[in-house]
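Hi there,

Here is the structure I promised to pass on to you. My notes on it follow just below, with the cut-offs spelled out along the way.

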Amino acid sequence: MKIKLWAFSFLVLTFACTDGAKNKSQTKKPLNIILLIGDGMGLSQVSSAYYFKEGKVNFSRFSKIGLINTSAAVQKITDSAASATAYSCGERTFKKMIGMSVDTVAMQNITDTLSALNYQTGVVVTSAVTDATPAAFYGHVPSRYQYEELASQLAVSSIDFVSGGGLENFTQREDGTNQLEVMKENGFVVDTVSLNRFDCDPEKKYAFFLSYENMPKMPEGRGDYLPQATQMAMDYLSKSNDGFFLMVEGSQIDWAGHRNNAEHLITEVIDFDNTVGKALDFAEKDGNTLVIVTADHETSGFALAGDQYEDIRFATTQHTAAMVPVFSYGPGSEILTGTFENQEMRSKILQAIVDHR
Ligand code: MG
Ligand code: ZN
C-alpha cells in the first residue's frame, strides 16, 4: 500500500476552485473507476453480442450512453497507442506514441495522477501487458514497439495489480536484465503460471504474466481468464478504502477485426461482455464505483449483414474513423453521455471524482 499523505492536499488544492464544499470531503469514500476498453469495438461489434451470445447481454444494463470521436492528433483514423494516450493523458498525440505529446514530451497518465492521490491501480488485458493500450496507462515511449523499455517502465510504475501476457519482454531482453527481479524488489508477487495462487493480500502488489507473448485467443481456449482476472483485481484493489482505478482491455476484438475473423471477433466480444457483467455486479453492490465501457477506435468496418458467421461483412482489415459508443454506470456517469472527444475522457473521470467528494 502506498502512503502518500501529501497527495490528499494536492487534490484539495488542485480542485479548490471547483469544489467549495470541503467539509464533506473527509468523510466520503473516493470514487472507484473501472474503465473497460474493447479494442476495435464499434457499435456493430457490440451488437454482435445480442445475436450470438446465449443469455443476458450485459451491455443492456446501461442507461447512460454516449459517442466518442477517436481521432489522433493529425490522423483522422487513430491507432490504439494514440487513442489510449488521449484517454489516459488528456491530450491527442501522433499514432504509435505512448504517453507522450506530439513534441515527444512525457505526459502524466491517469494511473500516476490517481496513484498520487492514494488510489490503488490495476491493468488487466488479454494482450501482452506491453501492448499499446495497457502501455498508455503506465509508460512513455515515442514508439509503441519499444516493448522492452515498456516492460522496464511497468516494473517501476505506480501499478499495483497487472495481468496479461508478454513475459518475453521481462525475461528475454537485449540488455540481459530480468525485469521480474526488479518487480519483486519493488514489492510485486510475480506469477507466470496461473491466477490460482492469488491470496488477495492488500499489503502486496501482484503481477500475472501468463503467457510468453499474447494471451491465447478465445477460440483457442482462453476460457474465463478475463472475467476472473478482473474479479480478482476488483477484490484486491477494493481492500483499500482509498479508491481504485482499474483499466481492463478486451484486446483481441481488434486483432480479430484485422484478420476479418468473425468467430474470433464474436467470441472476444462475448468474453468482454461477461467481464463488463463482473464490473457492473461489483459496482451495483458497491455503490461507489463508476464503470465506463468504450473502445479506442473501430476496426474493420464490421457489419452484421446476416445472422450467420458467413454473412458478416468486413469493409477493411484496418481501423476506421467511425465514432465509438461509451456506456457508463454509477456516480458521475451523466457526464459521460452525449458526444465528446477521446482526449476529454481523462478530465471527465477526474471531474466525476471531484463531484463525488
Ligand atoms: Mg489494445
Ligand atoms: Zn488494431
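Helices (H or I, at least four residues) and strands (E, at least two) are DSSP runs, and their numbers count from the N terminus. With that in hand, Asn 118 falls in the loop between H4 and S3.

First, the conventions. This is a predicted model, in which local features need pLDDT of at least 70 and side-chain atom pairs count only at pLDDT 80 or more, while totals for chains, interfaces and linings use all residues. Residues are numbered from 1 along each chain as its sequence is written, chains are lettered from A and ligands numbered from 1 in the order in which they are written, and side-chain values use heavy atoms, with hydrogens and water left out.

Asn 118 is not a glycine, yet its phi is positive, at about 80°. With a relative accessibility of 16%, Asn 118 counts as buried (buried is under 20% relative accessible area, exposed is over 50%, and partly exposed is in between, using a 1.4 Å probe and protein chains only). Lys 96 also has a positive phi, near 80°, and is a residue other than glycine. Lys 96 sits in the loop between helix H3 (80-89) and helix H4 (110-115) and is partly exposed, at 37% relative accessible area.

**The two metal ions**

For donors I took N, O and S atoms within 2.8 Å of the metal (3.2 Å for Na, K and Ca); water is not among the atoms, so sites may look incomplete.

The magnesium ion (ligand 1) has Asp 39 (OD), Thr 133 (OG1) and Glu 249 (OE) as its protein donors, at 2.0 to 2.2 Å. Their spacing in sequence is D-x93-T-x115-E. Thr 133 in helix H5 (residues 132-135) and Glu 249 in strand S7 are 116 residues apart, so this pair links distant parts of the chain. Both Thr 133 and Glu 249 are buried.

Asp 254 and His 258 are separated by about one helical turn because they are four residues apart in helix H10 (residues 252-258). Asp 254 is buried, at 5% relative accessible area, whereas His 258 is partly exposed, at 27%.

**Helix H9**

Helix H9 (residues 225-237) has 13 residues and should span 18 Å at 1.5 Å a residue, which agrees with the 18 Å between its end C-alpha atoms (the expected span is 1.5 Å times one less than the number of residues). Of the 13 residues of H9, 10 are buried, among them Tyr 225, Met 232 and Tyr 236. The cover over the buried residues of H9 includes strand S1 (32-38), strand S3 (120-128), strand S7 (244-250) and helix H11 (262-286).

Pro 219 lies in the loop between S6 and H9 and is partly exposed, at 39% relative accessibility. Leaving aside neighbours within four places in sequence, Pro 219 is in contact (heavy atoms within 4.5 Å) with Glu 263, His 264 and Thr 267.

**Aromatic rings**

A search of the whole structure gives 16 aromatic pairs. Rings of Phe, Tyr and Trp (its six-membered ring) pair if their centres lie within 6.5 Å; planes under 30 degrees apart are stacked, over 60 edge-to-face, and the rest tilted. Phe 161 and Phe 198 have ring centres 5.9 Å apart and planes at 90°, so that pair is edge-to-face. Tyr 206 and Phe 208 are stacked, at 6.3 Å centre to centre with 5° between the planes. Phe 161, Phe 198, Tyr 206, Phe 208 and Tyr 236 form one aromatic cluster.

Best wishes
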